[in-house]
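Please read it beside the sequence and the coordinates.

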Amino acid sequence: MTRVGSVPSLDGEGKPIWVLLELTYRCPLKCVFCSNPVDFERYGEEELSTAEWKRVMREARDLGAMQIGFSGGEPTLRKDLEALVAEANDLGYYTNLITSGIGLTSRRLAALKEAGLKHIQLGFQSSDRQTANWLAGVNSFDRKLAMAREIKAHGFPMVLNVPITRHNIAQIPEIIELASSLGMEYLELANVQYYNWALLNRDRLLPTREELAWAEAEVAKARRRLGGSMTIFFVIPDYYEGRPKACMNGWGSIHLTIAPDGAALPCSQARTLETLAFPTVREHSLEWLWRESPTFRKYRGDEWMKEPCRSCDERERDFGGCRCQALLLTGDAANADPACSKSPHHGVIQQAIAQSQAVGGRGELIARQGGLASGRRGA
C-alpha cells in the first residue's frame with residue numbers, strides 16, 4: 001500500500017496557517033466513529049458567544065492564519081453561522097464549512113453564499129441508504145443526498161468526505177460513482193482514525209489489510225477512468241503503514257483548533273491528552289496561547305523526543321507521529337507513536353489488528369447519543 005504517513009513538510013514560519021473553529025459539539029447524528037469527545041457534555045453548555053468567536057478570528061488573522069474551517073459537532077446548529085462566515089470573509093480568510101448537511105436548507109445555503117462562504121465539505125457515510133443510516137445512527141441518507149445536490153446547485157466547490165470502515169469499504173466503487181454523478185470536485189475516502197468513539201468501536205470498524213489493498217486498487221482504477229474530473233483522496237489508516245502519519249505537520253506547527261468552550265488545541269483530538277491543561281481564549285489572548293502556552297510548547301519541535309525518535313532520520317518528516325495516539329495506546333504522550341514499526345510499543349498495534357480480525361466486525365457498536373453511549377448491533 002502507498003505510504004501516507006509522511007508528507008512533504010509545510011513550513012508555516014511559526015504561524016497557525018489553518019484554523020478550525022469547532023463551534024459546537026452538538027450534533028443530530030449518532031455516528032459510531034464520531035471524533036467528538038466521549039465526555040463532550042462537560043463542554044456542551046459553555047459555547048463561545050458570537051462576539052467571542054469574532055475576536056478569535058481577528059486575533060488568528062493577526063497571527064497570520066489564512067484558512068478557516070467551521071466545524072463541530074454540527075456547525076449549522078449555531079444560528080450565528082452566517083454572521084461568523086461574513087466576519088471571516090471580511091477578514092480575508094478562505095472559508096470552509098464542514099457539515100453533515102443536517103440543518104442546511106436552500107435558503108440558508110444562499111445566505112452562506114452571500115456571506116462569502118467559499119467551500120463546503122459534506123460528511124457522508126455510504127452510497128447505500130441502509131448502511132448510511134445505520135452508521136449515522138439516524139435516518140439521514142435521503143436528507144444528505146438532497147443537500148449534496150442543493151450545495152452543487154448553489155455553485156459551491158465541494159468535498160464529499162466518507163469515513164471508511166470495514167462496514168462500507170466494499171462499497172467504494174459505488175461511493176465513487178455517486179460522488180461523480182453529483183459533480184463533486186473532491187472525494188475523500190478517509191479511513192477512520194481511532195480516537196474517541198472510533199477507538200471504542202475499533203475492533204468492529206478496522207478493515208483488514210486485504211480489504212484496504214483491494215480498495216486502493218479500486219481507487220486507482222477510478223482515477224484512471226475519471227481523469228481530472230474528480231480528485232480522489234484515499235487515506236490509509238496508519239495501523240498498516242509501518243510509519244505514523246505526519247500529524248498536523250507537527251504539534252503546534254501550522255494548525256490551531258478552538259473548541260466550543262474556547263480551549264486552544266494543537267489538534268481537534270488533543271483533549272484526549274488528560275495530562276495537559278488547555279487554557280481558553282477567555283483567559284488569554286490567542287497570541288499568548290499559540291506562542292507561549294505550555295500546552296503548545298510541550299511537543300513543539302523535537303526537544304521533547306525520546307528514543308527511537310530522537311535519533312531517527314525520519315523525525316522531520318513524521319514528527320514522531322501522533323501524541324494523542326501515543327498516549328492512548330502506550331500511556332505516555334512522549335513515546336514514539338506505536339503505529340511506527342520502530343516503536344518499542346508497535347506490538348499494541350499488531351495486537352489491535354489481530355483482535356479486530358478475530359472479531360470480524362461482529363457484535364455491538366457503540367453509537368454517540370447525546371454524549372451517552374447506546375448499543376447498536378453490528379453486521
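Which residues in H2 meet which residues in H3? Leu81, Glu82, Val85, Ala86 and Asn89 in H2 meet Arg108, Ala111, Leu112 and Ala115 in H3, where contact means heavy atoms within 4.5 Å. By class, these residues divide into six nonpolar, one polar and two charged; Ala, Val, Leu, Ile, Met, Phe, Trp, Tyr, Cys and Pro count as nonpolar, Asp, Glu, Lys and Arg as charged, and the others, Gly among them, as polar.

## Basis of the model

This is a predicted model, in which local features need pLDDT of at least 70 and side-chain atom pairs count only at pLDDT 80 or more, while totals for chains, interfaces and linings use all residues. Residues are numbered from 1 along each chain as its sequence is written, and side-chain values use heavy atoms, with hydrogens and water left out.

Two packed helices are described by the angle between their axes and the distance between the axes. Helices (H or I, at least four residues) and strands (E, at least two) are DSSP runs, numbered from the N terminus; axes are lines fitted to C-alpha atoms, for helices over the stretch in contact, and angles run from 0 to 180 degrees between N-to-C directions. Helix H2 (residues 81-90) packs against helix H3 (residues 106-115) at an angle of about 20 degrees, with the axes 8 Å apart. That makes H2 roughly parallel to H3, a label for angles under 35 degrees. The crossing of H2 with H3 is right-handed, meaning that the near helix is turned clockwise from the far one by less than a right angle.

On helix H1 (residues 50-62), the axis comes within 10 Å of that of H2 and crosses it at roughly 20 degrees, which makes H1 roughly parallel to H2. This contact is made by Thr50, Trp53, Lys54, Met57 and Arg58 of H1 together with Ala83, Leu84, Glu87 and Ala88 of H2, and its classes are five nonpolar, one polar and three charged residues. The crossing of H1 and H2 is right-handed.

## Helices H6 and H9

Helix H6 (residues 172-181) and helix H9 (residues 209-226) pack with their axes 9 Å apart, at an angle of about 30 degrees, and are therefore roughly parallel to each other. In this pair, Ile172, Pro173, Ile176, Glu177 and Ser180 of H6 meet residues of H9 that include Trp214, Ala215, Glu218 and Val219. The residues of the contact divide into eight nonpolar, one polar and three charged.

## Helix H4

Helix H4 (residues 129-136) is largely enclosed by the rest of the structure, because six of its eight residues are buried, that is, under 20% relative accessible area with a 1.4 Å probe and protein chains only, whereas exposed means over 50% and partly exposed in between. Thr131, Ala132, Asn133, Trp134, Leu135 and Ala136 are the buried residues of H4. After H4 comes Gly137, whose phi is positive, near 80 degrees.

## Cysteines and Gln193

The structure holds zero disulfides, a disulfide being a pair of cysteine sulfur atoms within 2.5 Å. For Cys322, the closest cysteine sulfur, in Cys247, is 4.1 Å away, too far for a bond, and for Cys309 it is that of Cys312, at 6.7 Å, also too far for a bond. Cys322 is buried at a relative accessible area of 1%, and Cys309 is buried at 8%.

Gln193 lies in the loop between strand E6 (186-191) and helix H7 (196-200) and is partly exposed, with a relative accessible area of 22%. Leaving aside neighbours within four places in sequence, Gln193 is in contact with Ala198, Val235, Ile236, Pro237, Asp238 and Lys245.

Key
Angles under 35 degrees count as roughly parallel, over 145 as roughly antiparallel, 65 to 115 as roughly perpendicular and the rest as oblique.
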